[in-house]
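Visitor: Hi! Could you walk me through this one?
Guide: Happy to. Here it is.

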Amino acid sequence: MSSDSSTFIETESLETKRPCAQESESKCFFEVKDLKKAIGGQKILRGVDLNIRRGETMVVIGRSGEGKSVFLKHLIGLMSPDAGSIKVEGQELVGLRERQMRDIRRKVGILFQDGALFDSMTVAENVAFPLMEMGIKNREELLERVGQALDKVELAEHMAKMPINISGGMRKRVSLARAIIGEPQCILYDEPTSGLDPVVSESIDRLILRMQKNLCVTSLVVTHDMNSVFRIADRVAYLREGKIHFLGTPEELRDSQDRYVRSFVEGRQVEEE
Amino acid sequence: MGRLFEMLGSMVTRFIRYQGEVALLLVETVKALFLGKVRWGLVGKQVVAIGFGSQLVVIVTGAFTGAVFAAQSYFKFSEFGMESAVGAVVSISMCRELGPVLTGLMVAGRVGASMAAEIGTMKVTEQIDALRAMGVHPIDYLVVPRTIAIMVSMPLLVAEAIGFGMVASHLTVVNGFGVPGTWYDHHVVEHTELIDISIGMIKGFVFSVVIVMISCHEGLTAKNGAVGVGKGTTAAVVISSLALLVFNFFLTLILNYMSPLGTSG
């Protein structure tokens with residue numbers, strides 16, 4: 001990482017995330033091959049190939065409407081592809097029935113773009129939900145773990161509130177607490193920092209890094225936030241026209257001479273040749 | 001002309017497809033009832049929402065239908081001096097038709113709309129995706145508890161509507177028009193058999209399945225935000241009410257074949 005972006009980088013996080021990513025470089029958590037999906041006649045994914053290594057933080061960037069969230073939803077079978085293959089820890093996901101995906105899905109936590117909290121439950125009940133579904137019924141244990149998870153997102157004092165009574169950013173953080181409480185092997189983040197103030201955004205980035213440091217969690221982050229990209233990414237994939245247009249480290253991303261990549265990173269229109 | 005046929009063809013295809021989707025949901029739900037995890041806490045909550053929450057609607061519907069039907073019957077029967085026979089006519093009608101059909105329509109409006117709106121909102125706000133992402137099958141979590149709860153509640157609600165209808169008809173004819181109560185009650189008891197009440201409850205059970213499947217299907221297939229949820233909710237009420245009337249016709253034929261009216265006694 002070059003010095004010009006050092007304002008965005010936690011020295012501590014760089015030291016801690018890399019060993020985890022390197023340890024298991026050869027082992028992939030997700031292997032995606034030639035993934036295609038059309039919605040309403042419009043081709044969204046046109047052959048995505050991407051391997052996500054165990055323990056790494058992969059950030060997928062791309063312009064709005066390029067299919068980043070669609071791609072993310074395919075990884076745990078929330079959408080089925082028209083063609084292609086998705087392997088999760090070597091197990092083919094495509095073609096599995098809903099009930100057959102349960103074990104795979106329980107290895108993965110997901111933070112939805114708008115939180116997707118259950119609005120009939122309190123914040124604490126939302127966060128406890130994955131544990132209760134795993135069969136944990138002990139009230140003390142549930143309370144303790146919910147408290148710990150909410151502490152991580154600095155929302156422990158809002159346990160008893162209903163989702164409707166908290167802000168959008170807080171809902172997103174509750175959703176993150178719900179995603180991490182089951183200690184999944186992988187967490188998928190759909191726009192984790194969009195709509196949040198810079199301080200909260202940074203705290204979420206820190207949390208993503210901490211999850212990787214402490215638990216070697218594999219992370220896939222879909223975002224537009226370039227500050228986040230340089231803070232958390234081990235590798236970056238740029239999705240353009242339904243394919244992975246660029247794949248590399250944040251340094252390679254910054255140094256890329258590709259005009260589409262440059263325009264995205266610099267936040268300006270592509271110059272016509 | 002070709003365009004007309006195309007439209008008709010498309011409507012028929014959509015209709016068949018819709019029936020197939022609802023049938024598949026029913027199959028999935030039956031499978032989940034036996035193979036999936038039944039969340040009895042959620043079933044209890046739904047029994048309260050469906051059964052207890054429908055009390056006022058069902059009591060008012062049953063009581064006033066019984067009272068009005070008794071009054072109209074009395075006006076005509078009194079011309080022939082057959083006032084005391086009103087009880088038998090009201091009883092059979094309430095048990096076999098009016099009780100189950102009107103209760104079904106009221107529950108379709110109250111409960112069906114609520115189910116479609118709640119599940120539909122969950123669908124468009126990704127809450128159902130969140131359930132799936134946590135390894136929870138939406139049918140196990142959303143459809144099965146509602147199905148068990150409505151299947152338990154509806155026959156009881158039908159029986160309640162019949163009961164209140166009969167009490168109201170008694171009050172109207174005996175207290176309102178001065179028909180001797182003993183004669184009235186005698187005719188009711190003599191001409192009403194257990195099978196008549198059972199037919200009402202069987203219909204209630206079948207209607208409950210129709211309502212829950214159509215309403216949950218509308219919720220689970222909702223899309224396009226609030227507008228989609230609104231459309232799904234309306235469709236749930238309209239389609240389940242119409243389906244209920246059609247089912248009632250065929251059920252009447254089948255149940256009357258099994259237990260013909262007028263041959264007993």
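Visitor: How many helices and strands does chain A have?
Guide: Chain A has 10 helices and 10 strands, where helices (H or I, at least four residues) and strands (E, at least two) are DSSP runs numbered from the N terminus. Bear in mind that this is a predicted model, in which local features need pLDDT of at least 70, side-chain atom pairs count only at pLDDT 80 or more, and totals for chains, interfaces and linings use all residues. Residues are numbered from 1 along each chain as its sequence is written, while chains are lettered from A and ligands numbered from 1 in the order in which they are written.

Visitor: What share of chain A is buried?
Guide: Of its 273 residues, 44% are buried (20 or more other C-beta atoms within 10 Å of the residue's own, with C-beta atoms placed from the backbone).

Visitor: And how confident is the predictor about the complex and chain B?
Guide: The complex gets an ipTM of 0.84 and a pTM of 0.85. Chain B has a mean pLDDT of 92, with 98% of its residues at 70 or more; pLDDT is the predictor's confidence in each residue, from 0 to 100.

Visitor: How many residues does each chain bring to the contact?
Guide: Chain A brings 15 residues and chain B brings 11, contact meaning C-beta atoms, placed from the backbone, within 7 Å.

Visitor: What kinds are they on chain B's side?
Guide: The side of chain B touching chain A has 4 nonpolar, 4 polar and 3 charged residues. Here Ala, Val, Leu, Ile, Met, Phe, Trp, Tyr, Cys and Pro count as nonpolar, Asp, Glu, Lys and Arg as charged, and the others, Gly among them, as polar.

Visitor: Switching topic: how do helix 1 and helix 8 of chain B pack?
Guide: Helix 1 (residues 2–35) of chain B and helix 8 (residues 194–220) of chain B pack at about 110°, their axes 10 Å apart. Axes are lines fitted to C-alpha atoms, for helices over the stretch in contact, and angles run from 0 to 180 degrees between N-to-C directions. The two helices are therefore roughly perpendicular (65 to 115 degrees).

Visitor: Which residues make that contact?
Guide: E21(B), V22(B), L25(B) and L26(B) come from helix 1 of chain B, and M213(B), I214(B), C216(B) and H217(B) from helix 8 of chain B. By class, that contact has 6 nonpolar, 1 polar and 1 charged residues.

Visitor: What about helix 4 and helix 7 of chain B?
Guide: The axes of helix 4 (residues 86–124) of chain B and helix 7 (residues 181–191) of chain B come within 7 Å and cross at roughly 40°.

Conventions: Contact = placed C-beta atoms within 7 Å. Parallel < 35°, antiparallel > 145°, perpendicular 65-115°, else oblique. Buried ≥ 20, exposed ≤ 12 C-beta atoms within 10 Å, placed from the backbone.
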